[in-house]
Amino acid sequence: QNIKYIRILTSDESNYFSVNFLADKRNELKKFLESKGIFGSIPWNYLIGTMLTGKKFENSSKILASMLQIKIDPTFMENDDIQYITDKIKEFYKSV
């Protein structure tokens with residue numbers, strides 16, 4: 001309900017999955033996760049992508065304001081680690 005969309009991007013050049021999702025209270029969630037040892041990042045600005053491609057994306061500012069990215073590396077993360085991330089996201093939304 002609070003997480004609107006999840007997309008997993010893979011790359012031939014890296015071992016990890018980049019999990020990008022739109023989240024209510026993104027900045028607060030990011031800070032909460034960091035306090036639990038889970039580091040997320042804010043993806044590069046879609047407006048820059050707009051300038052590079054010449055396309056106009058009407059909702060790019062809104063999307064960027066809600067998007068959080070978490071890297072998942074299955075080469076050294078166990079299922080329990082991924083479950084821990086999921087549990088902490090759920091814990092955040094139960095508390096707000």
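The questions and answers below go through a predicted model of a protein.

Me: In what order do the elements of the protein run from the N terminus on?
Reply: The protein has four helices and four strands. Read from the N terminus on, these elements run β-β-α-β-α-α-β-α.

Me: What share of the contacts between residues at least 6 apart in sequence join residues at least 24 apart?
Reply: Of the 96 residues in the protein, 31% are buried. Among contacts between residues at least 6 apart in sequence, the share that joins residues at least 24 apart is 58%.

Me: How many nonpolar, polar and charged residues are in the contact of α1 with α4?
Reply: The crossing of α1 past α4 is right-handed. On the α1 side the contact is made by Glu28, Leu29, Phe32 and Leu33, and on the α4 side by Lys88, Ile89, Glu91, Phe92 and Tyr93. Sorted by class, the contact has three charged residues, no polar ones and six nonpolar ones.

Me: Why are the buried residues of α1 on the same side of the helix?
Reply: The buried residues of α1 are Arg26, Leu29, Phe32 and Leu33. An α-helix has 3.6 residues a turn, so residues three or four places apart point the same way.

Me: Which exposed residues does the face of α1 turned away from its buried side carry?
Reply: The buried side of α1 includes Leu29 and Phe32. The face turned away from that buried side carries the exposed residues Lys31 and Ser35.

Me: Which residue follows α1 and has a positive phi?
Reply: Two residues with a positive phi can be named around α1. Lys25, in the loop between β2 (17-23) and α1, has a positive phi of about 55 degrees although it is not a glycine. After α1 comes a residue with a positive phi near 85 degrees, and that residue is Gly37.

Me: Is Lys25 buried or partly exposed?
Reply: Buried means under 20% relative accessible area, and exposed means over 50%. The relative accessible area of Lys25 is 47%, so Lys25 is partly exposed.

Me: Is Lys88 buried or exposed?
Reply: Lys88 has its place in helix α4. Leaving aside neighbours within four places in sequence, Lys88 is in contact with Phe32, Leu33, Lys36 and Ile38. Its relative accessible area is 16%, and the cut-off is under 20%, so Lys88 is buried.

Me: How far apart are the C-alpha atoms of Ile82 and Ile72?
Reply: Ile82 is in helix α4 and counts as partly exposed, at 30% relative accessibility. Not counting residues up to four places away in sequence, Ile82 touches Ile72 and Met77. Ile82 and Ile72 are 10 residues apart along the chain, and their C-alpha atoms are separated by 7.6 Å.

Me: What is the distance from Ile42 to Ile70, C-alpha to C-alpha?
Reply: Ile42 sits in the loop between β3 (40-41) and α2 (46-53). With 39% relative accessibility, Ile42 counts as partly exposed. Residues up to four places away in sequence not counted, Ile42 touches Arg26, Asn27, Lys30, Leu64 and Met67. Ile42 and Ile70 are 28 residues apart in sequence, and the distance in space, C-alpha to C-alpha, is 8.9 Å.

How values were computed. Residues are numbered from 1 along each chain as its sequence is written. This is a predicted model: local features need pLDDT of at least 70, side-chain atom pairs count only at pLDDT 80 or more; totals for chains, interfaces and linings use all residues. Side-chain values use heavy atoms; hydrogens and water are left out. A crossing is left-handed if the near helix is turned anticlockwise from the far one by less than a right angle, and right-handed if clockwise. Contact means heavy atoms within 4.5 Å. Ala, Val, Leu, Ile, Met, Phe, Trp, Tyr, Cys and Pro count as nonpolar, Asp, Glu, Lys and Arg as charged, and the others, Gly among them, as polar. Buried means under 20% relative accessible area, exposed over 50%, partly exposed in between (1.4 Å probe, protein chains only).
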